[in-house]
Amino acid sequence: MKRRAFIKTSVLGTVAGVFTGTVQAKMTTPSEVEGPFYPITPQKDQDADLTRVAGKEGIAKGEIIDVFGQVLDTDLKPVEGVTIDLWQANSFGKYHHPHDTNSAPVDKHFQAWAIMQSGAEGQFKFKTVIPGAYPLGRNQQRTPHIHFKIAKNGYVPLLTQMYFPNHQLNEQDGLFRRKSVAEQAMMTAKLVGKNNQYQYDIILEKV
Ligand SMILES: [Fe+2]
């Protein structure tokens with residue numbers, strides 16, 4: 001796809017879906033708590049393919065997906081050179097973090113953490129697996145989500161979580177439920193096409 005077409009599709013695909021009517025609120029991507037499992041174990045392989053770990057033969061277990069999108073400002077202009085730092089549970093719902101006491105197994109072929117920069121048109125893309133849900137206390141579960149820390153000088157830093165569309169656990173998730181419908185829409189990736197391609201655009205506020 002040509003660059004211009006990519007931008008247009010992307011912007012219309014996500015933002016217009018949220019802001020119906022005549023008011024273009026240009027809302028930023030809502031923030032969410034960091035959670036306890038930001039990675040603390042140094043890791044050399046932080047590339048955009050989380051389904052493979054450098055130096056190991058094998059592929060992560062679970063349903064492989066691509067997540068792509070653009071980082072935009074509130075005027076919907078692409079933002080280049082944004083640091084996108086993301087981490088998530090593996091397909092069993094286990095974080096590769098020493099403080100995660102969930103009995104679900106570690107997946108030695110899952111990278112679990114990636115850091116990348118947005119390109120000239122604000123674009124980014126990574127390959128991963130759908131994270132598993134995990135228990136929270138006795139009778140709650142976190143719905144599948146990916147954590148993001150997003151930063152660039154001149155923009156308000158953003159900590160957030162990305163959700164999956166129509167997941168059965170979304171409506172039971174304490175954090176997800178607390179958001180308004182418009183916020184939920186901005187925090188939820190869109191499934192596009194048939195090949196496990198998810199679109200997730202991020203809107204940052206200038207300082
Ligand atoms: Fe989490």
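Colleague: Which residues lie nearest the centre of the largest pocket?

Modeller: Gln43, His96, Phe110, Gln111 and Ala112 lie nearest the centre, and they belong to a lining of 23 residues. A pocket here is an open set of points on a 1 Å grid over the protein atoms alone, where a 1.4 Å probe fits and protein stands on both sides within 12 Å along at least five of seven lines, and a lining residue has an atom within 4 Å of a point.

Colleague: What should I keep in mind about the model?

Modeller: This is a predicted model, in which local features need pLDDT of at least 70 and side-chain atom pairs count only at pLDDT 80 or more, while totals for chains, interfaces and linings use all residues. Residues are numbered from 1 along each chain as its sequence is written, and side-chain values use heavy atoms, with hydrogens and water left out.

Colleague: Back to that pocket: how do the residues of its lining divide into nonpolar, polar and charged?

Modeller: The lining of the largest pocket has twelve nonpolar, six polar and five charged residues. Nonpolar covers Ala, Val, Leu, Ile, Met, Phe, Trp, Tyr, Cys and Pro, charged covers Asp, Glu, Lys and Arg, and the others, Gly among them, are polar.

Colleague: And what lines the second largest pocket?

Modeller: That pocket is lined by 21 residues, and the closest to its centre are Pro36, Tyr134, Pro135, Leu136 and Arg142. Two or more lining residues come from each of β5, β6 (140-142) and α2 (174-177), and the largest share, three residues, is given by β5. Helices (H or I, at least four residues) and strands (E, at least two) are DSSP runs, numbered from the N terminus. By class, this second lining holds eight nonpolar, nine polar and four charged residues.

Colleague: Changing topic, which residues coordinate the iron ion?

Modeller: The iron ion is held by Tyr95 and Tyr134 through their OH atoms and by His145 and His147 through their NE2 atoms, at 2.0 to 2.2 Å. Donors are N, O and S atoms within 2.8 Å of the metal (3.2 Å for Na, K and Ca), and sites may look incomplete because water is not among the atoms. Along the chain, the donors of the iron ion follow the spacing Y-x38-Y-x10-H-x1-H. Tyr95 sits in the loop between β2 (83-87) and β3 (113-117), whereas Tyr134 belongs to strand β5 (residues 134-136), so the pair ties together parts that are 39 residues apart in sequence.

Colleague: Are Tyr95 and Tyr134 buried or exposed?

Modeller: Both Tyr95 and Tyr134 are buried. Buried means under 20% relative accessible area, exposed over 50%, and partly exposed in between (1.4 Å probe, protein chains only). In the protein chain, buried residues make up 47% of the 207 residues.

Colleague: How many helices and strands does the protein chain have?

Modeller: The protein chain has three helices and eleven strands, and read along the sequence they follow the pattern α-β-β-β-β-β-β-β-β-α-α-β-β-β.

Colleague: Why is β2 largely enclosed?

Modeller: Four of the five residues of β2 are buried, so this strand is largely enclosed by the rest of the structure. Five bridges join β2 to β3 in an antiparallel pairing, in which Leu86 has Ala114 of β3 as its bridge partner. β2 also pairs with strand β7 (residues 145-151), again antiparallel and over five bridges, and Asp85 stands opposite Lys149 in β7. Two strands pair if DSSP finds at least two bridges between them.

Colleague: What about β1, how many of its residues are buried?

Modeller: Nine of the ten residues of strand β1 (residues 64-73) are buried. With strand β10 (residues 197-199), β1 pairs in the parallel sense over three bridges, where Val67 has Tyr198 as its bridge partner. Three bridges also join β1 to strand β11 (residues 202-204), running parallel, and there the bridge partner of Val71 is Ile202.

Colleague: One last thing, where does Ala112 lie?

Modeller: Ala112 lies in the loop between β2 and β3, and its phi is near 75 degrees, a positive value in a residue other than glycine. Ala112 is buried, with a relative accessible area of 8%. Asn196, in the loop between β9 (190-192) and β10, also has a positive phi, of about 55 degrees, although it is not a glycine. At 22% relative accessibility, Asn196 counts as partly exposed.
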